[in-house]
Amino acid sequence: MRLILLGPPGAGKGTQAKLLMSKFHIPQISTGDILRKAVKDEAELGREAKAFMDGGQLVPDEIVIGLIRERIREADCADGFILDGFPRTEVQAEKLDEMLQEMSLTINAVLDFSVETEELVLRLTGRRTCKECGAMFHVDGRPPKQSGVCDHCGGALYQRHDDNPLTITKRMEVYEKETAPLKKYYNQQGNLKTLEGTGDTEQIFSQVCRLVSH
Ligand code: AMP
């Protein structure tokens, strides 16, 4: 199964991707995670991407497209994958279509998570992520048992650099301008499935499972 998770920053794509990954045993491919790791490792990719990420801007298309081109050819993607945060522009979507065509593959569904902007901002400003295992928490909504410590692996929790009010506003603007038009793109392909991204995580996941199995 090959899925695309669409939706604004903070819509819950990462959380749902992790649940899908455990249920269907296919990898989550998060361009944001790959880029953050490259920044942390001080890799060339990270050096190219950092300023864009810190400013809430998109990293240039050719960089992320190259990254996805290699990643989806890896062995663990043979039975499918979950794209989380890619594509984010029409150029990326078109290139992805080309790549999949070359590989004689198709996308099964594009899930678009709809959440009010006010709620998104609250989610992003309170979000905390485990440095070790990537598990996500929220200071109010889903606090860890012990402040600053991951419930699952004991790793330290951190706040993403770009989860500050100024950068969040920029990311929302960029989403509306560059990424929201992809809803129309995938709707025209007959792949788009929109769902309400607010409420209980497990209930949203049940809906996700229903949508991907139809
Ligand atoms: P995310 O973790 O998905 O919120 O992504 C964090 C940041 O990484 C974004 O604000 C962008 O700077 C960059 N990024 C992630 N995915 C993409 C993409 N598909 N195209 C361009 N930039 C991206």
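How many helices and strands does the chain have? In this predicted model, the chain has nine helices and eight strands. The C-alpha trace spans about 45 × 40 × 35 Å along its principal axes, and the radius of gyration of 16 Å agrees with the value near 17 Å that a compact globule of 214 residues would have. Buried residues account for 46% of the 214 residues, while the chain exposes about 11300 Å², of which carbon and sulfur atoms supply 49%. Among contacts between residues at least 6 apart in sequence, 69% join residues at least 24 apart.

Helix α5, formed by residues 90-102, comprises 13 residues and reaches 19 Å from its first C-alpha to its last, close to the 18 Å expected at 1.5 Å a residue. Its buried residues are Gln92, Ala93, Leu96, Met99 and Leu100; these cover an arc of only 125° around the axis and therefore lie on the same side of α5. An α-helix has 3.6 residues a turn, so residues three or four places apart point the same way. The cover over the buried residues of α5 includes the strands β1 (2-6) and β3 (81-84) together with the helices α4 (61-71) and α8 (182-189), whereas the face turned away from the buried side carries the exposed residues Gln101 and Glu102. Just after α5, Ser104 adopts a positive phi of about 55°.

Asn191 is located in the loop between α8 and β8 (192-196). With a relative accessible area of 16%, Asn191 falls under the 20% cut-off and is therefore buried. When neighbours within four places in sequence are left aside, Asn191 is in contact with Ile107, Asn108, Ala109, Val110 and Tyr186.

Conventions:
Residues numbered from 1 in each chain as written. Predicted model: local features only at pLDDT ≥ 70, side-chain atom pairs only at ≥ 80, totals over all residues. Heavy atoms only, no water. Helix = DSSP H or I, 4+ residues; strand = E, 2+ residues; numbered from the N terminus. Expected span 1.5 Å × (residues − 1). Buried < 20%, exposed > 50% of the residue type's maximum accessible area, 1.4 Å probe, protein only. Arc of directions from axis to C-beta. Contact = heavy atoms within 4.5 Å. Rg over C-alpha atoms; globule rule 2.2 N^0.38 Å. Areas by Shrake-Rupley, 256 points an atom, 1.4 Å probe, with all protein chains shown as cover.
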